[in-house]
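Please look over the model below before reading the notes. They are meant for someone who has not seen it before.

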Amino acid sequence: MTPALLGRAETGGHLDLPALFEKLRSGGPAFAWFSPEGDVVAGFGAVARFTGSGPGRFQAARAWLDALSRSVSGDGGEAPPLLAVGGFSFAEGAAGSPAGFGDASFFIPAEVWTSGTPGRARWRRVDAESDTPRPPAPLLRPRLREWSEREWSEGVRAVLERIEAGTLEKAVLARAVEIEEPDAIDPARVLERLVSANAACYRFFMRPASDAAFVGASPERLVARREHEAISDAVAGTAAGAGLLESGKDRSEHAVVVRHIVEALAPLCDGVEAEPEPTLQRHRHLAHLKTRIAGRARPGAHVLDFVERVHPTPAVAGSPRDAALELIRALEPSHRGWYAGAVGWMRGDGLGDFTVGIRSAMIHERRALLFAGAGIVAGSDPASEWAETEVKLSVAREAIADAGR
């Protein structure tokens, strides 16, 4: 049965960031999102939830939000658009992933804070029922057997053999690393560190219940649905120093991602254009090639329609996609869970914004599970790709270390 929701908007005031971080520490369902442009979306509590699995998870999540939006009534006036926050795992079958986030998880926050419209929106169930309590998320699974550098080199060579044989253009391999601290890790404090140190990234915090939290600082927008357009960023090609724009290997890898996104957006847009040349996206330890891609979205196209078509990009999977995903499943020693999945928010009118869940950590009590990947293409060197993953892992590692001081 679909719950009926009643909304009340409060206007005025300003976004109090210290209060936001403190509220994240209070427990329960919570979400926070910081864009490079300065937009902030946060939500606390849950008046309705969605969990899904399998190939239909994207459209099932849209149908859930559509049904709830039809049930919304105002409180003495027109209700604001309903907001849902959450995301999707990298691949289907994530039920065994750390903290049991599953394939898809969204909730309608009872209290919404945003920077775009100063003030807050509050929601409650008209039927006065509380949302069905969720069982505690399970502990992170037993410590992973991490890929050794020798095993990593063997995996990279296996990808290169497929590329040489002509059956593959690129595959992204990911490493899992687990951290265990003496004391409980505060994910809200980790987010604070990520927000202050990674201004050019999408910084996010997702906690569906009272247990594990998924936190990260991603350089890569997956796709956004604005009033009249869809926007995506191709981010691929990585280097720690200068020369990225002149690197034939990196530009070739980047072009594969641009092509995929253009082709994915085209059926839902009237005209899709990519910037003619990539720009350099600089971060603290790494630089990436970036190309903005945009098209005029057709009426009725929902942000999840775009997410379903674009995810996963060759930047986190490979190309051709099916062949790359098959090889990832065969080579990687553990399921990625929500690493390289899609995290963000969506509204009842179809607008929304999602980032790729990389440079991230799944945190539960004293333990954190980190992943980092590297795109393997013709000419890749196993040692160099291993070193790249070490730098990428440092984003979450440093934030966790700083949070504990």
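1. The model is predicted, not experimental in origin. Every residue number and distance below should be read with that in mind.

2. Two packed helices are described by the angle between their axes and by the distance between those axes. Here the pair is α5, spanning residues 248–265, and α6, spanning residues 303–310. Their axes come within 9 Å and cross at roughly 140°. The crossing of α5 past α6 is right-handed.

3. Which residues make the contact between α5 and α6? From α5 come His260, Ile261, Glu263, Ala264 and Leu265, and they meet Phe306, Arg309 and Val310 of α6. Sorted by class, this contact has five nonpolar residues, one polar and two charged.

4. Side chains of opposite charge can pair when their charged atoms come close. How many salt bridges does the structure hold? The count is 24, and the next points take up some of them.

5. Glu111 and Arg122 are joined by a salt bridge between their side chains, with 3.2 Å from N to O. Glu111 belongs to strand β7 (residues 111–114) and Arg122 to strand β8 (residues 119–125), so the bridge ties together parts that are 11 residues apart in sequence. Glu111 has a relative accessible area of 10% and is therefore buried. Arg122, at 28%, is partly exposed.

6. Asp349 and Arg347 form another salt bridge, in which the closest N and O atoms are 2.4 Å apart. Asp349 is partly exposed at a relative accessible area of 42%, and Arg347 is partly exposed at 24%.

7. Some salt bridges are joined into a network. The residues linked in this way are Glu22, Arg25, Asp186 and Glu192.

Conventions
Residues are numbered from 1 along each chain as its sequence is written. This is a predicted model: local features need pLDDT of at least 70, side-chain atom pairs count only at pLDDT 80 or more; totals for chains, interfaces and linings use all residues. Side-chain values use heavy atoms; hydrogens and water are left out. Axes are lines fitted to C-alpha atoms, for helices over the stretch in contact, and angles run from 0 to 180 degrees between N-to-C directions. Helices (H or I, at least four residues) and strands (E, at least two) are DSSP runs, numbered from the N terminus. A crossing is left-handed if the near helix is turned anticlockwise from the far one by less than a right angle, and right-handed if clockwise. Contact means heavy atoms within 4.5 Å. Ala, Val, Leu, Ile, Met, Phe, Trp, Tyr, Cys and Pro count as nonpolar, Asp, Glu, Lys and Arg as charged, and the others, Gly among them, as polar. A salt bridge is a side-chain nitrogen of Lys or Arg within 4 Å of a carboxyl oxygen of Asp or Glu. Buried means under 20% relative accessible area, exposed over 50%, partly exposed in between (1.4 Å probe, protein chains only).
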